[in-house]
Amino acid sequence: LRYHVDGELVPASRATVRVDDRGFRYGDAAFETLRAYGGTIFEWDAHAARLEATCDALELTHGLSRADLLSRIDETLSANDLSDAYVRLSITRGVQPGKLTPDPDVDPTVVVYVGSLPRGGLEGNPVWDGPAALETVDTRRIPNDAVPASAKTHNYLNGILARQELESGDEALLCDGEGYAAEGATSNVFFVEDGALYTPATDGPVLPGITRRVVLECAADAGIPVEEGRYRPERLRDADRVFLTNTTWELRPVASVDGVAIERDDRVDDDPLETLSRMYDERV
Ligand code: PDD
């Protein structure tokens with residue numbers, strides 16, 4: 001594989017950043033995880049907009065247009081002959097030894113790395129091994145006025161500590177400071193109750209997932225009632241269906257929440273999760 005590092009395609013084994021890069025030193029960086037389906041980046045505009053919002057929050061000016069960034073991604077995909085792929089785009093505040101205060105004149109470090117990822121969903125095999133076991137953890141998704149939860153930065157310690165806390169589950173459910181469900185360590189969470197769809201609102205400490213947004217659009221198209229609000233983890237345990245979303249997983253069913261099996265009512269024909277998964281598949 002070849003990755004794109006600072007404007008050049010280099011073999012993966014030589015794709016390195018310097019130890020005095022601020023992304024390494026301080027996590028001073030913005031990123032996006034994307035997917036290419038059939039050679040096209042899914043929801044590029046939405047990812048580009050979120051990246052811009054992250055850079056604004058960090059006051060990180062990189063001087064590259066959306067078109068420049070996309071052409072680096074496209075070049076990387078072509079160089080590796082990939083059409084269905086996982087793509088990660090990272091922009092750090094660059095190589096600046098010494099001090100914490102950034103020098104605005106230093107060039108950012110821009111990295112694109114890719115990996116083959118066959119199409120999931122109904123057409124291929126999902127990326128995940130099976131339905132998730134969701135487990136509420138004590139680590140909180142605390143909003144931070146300086147770095148909002150909506151910013152996708154290299155600082156993932158919140159999610160990492162949450163994952164390390166897992167006892168038997170494989171995805172952590174982080175709550176906000178008042179104990180309401182916020183999101184997974186790397187995913188947004190949804191539940192279905194009596195045919196309606198519920199998800200924590202993004203005015204709480206929740207990353208506004210692109211997959212989340214697409215799912216909400218599909219629900220609107222399908223006439224599935226939607227409510228965005230604040231919910232206790234208990235609501236999820238009692239739900240008819242629970243699922244997680246992110247770019248790589250797409251829609252991933254949840255088999256249990258805190259050890260409580262999520263049991264679908266077989267008397268109900270319509271399964272919103274099935275409907276939404278099918279619709280998502282048609283969009284990619
Ligand atoms: N993460 N919430 C968190 C904390 C996340 O890290 C992610 C995605 C999401 C879902 O966002 P999206 O649907 O835009 O992928 C929600 C990616 C997959 C990652 O960590 O690489």
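## Ligand shell

In this predicted model, helix α5 makes the greatest contribution to the shell around the ligand, giving 3 residues. Helix α5 spans 210–222, and together with strand β13 (241–246) belongs to the elements that each supply at least two residues of that shell.

In total, 15 residues surround the ligand, and the closest of them are T33, L207, G209, T211 and T247. Sorted by class, the shell comprises 11 polar residues, 2 nonpolar residues and 2 charged residues.

## Domains and their contact

The protein chain is divided into two parts, domain 1 covering 2–116 and domain 2 covering 132–283, and the C-alpha centres of domain 1 and domain 2 are 27 Å apart. To the contact between them, domain 1 brings 18 residues and domain 2 brings 14 residues.

On the side of domain 1 that touches domain 2, the elements giving two or more residues are β3 (29–37) and α2 (44–58). The residues of this side of domain 1 divide into 9 nonpolar, 5 polar and 4 charged.

## The six-stranded sheet

An open sheet is formed by 6 strands in the order β2-β1-β6-β5-β3-β4, with antiparallel pairing. Strands β2 (8–11) and β4 (40–41) stand at the edges and have a single partner strand each, so one side of each remains without a neighbour in the sheet. Between the antiparallel strands β5 (residues 85–92) and β6 (residues 109–116) there are 8 bridges, and V87 has V114 in β6 as its bridge partner.

Helix α2 packs on the sheet, where it touches β3 and β4, and its direction makes about 175° with that of β3. Helix α3 (residues 66–79) also packs on the sheet, touching β1 (2–5), β2, β3, β4, β5 and β6, with its direction at about 40° to that of β6.

Key: Residues numbered from 1 in each chain as written. Predicted model: local features only at pLDDT ≥ 70, side-chain atom pairs only at ≥ 80, totals over all residues. Domains from an automatic or database assignment. Contact = placed C-beta atoms within 7 Å. Helix = DSSP H or I, 4+ residues; strand = E, 2+ residues; numbered from the N terminus. Nonpolar A, V, L, I, M, F, W, Y, C, P; charged D, E, K, R; others polar. Near = placed C-beta within 6 Å. Pairing = 2+ DSSP bridges. Axes fitted to C-alpha atoms, helices over the stretch in contact; angles between N-to-C directions.
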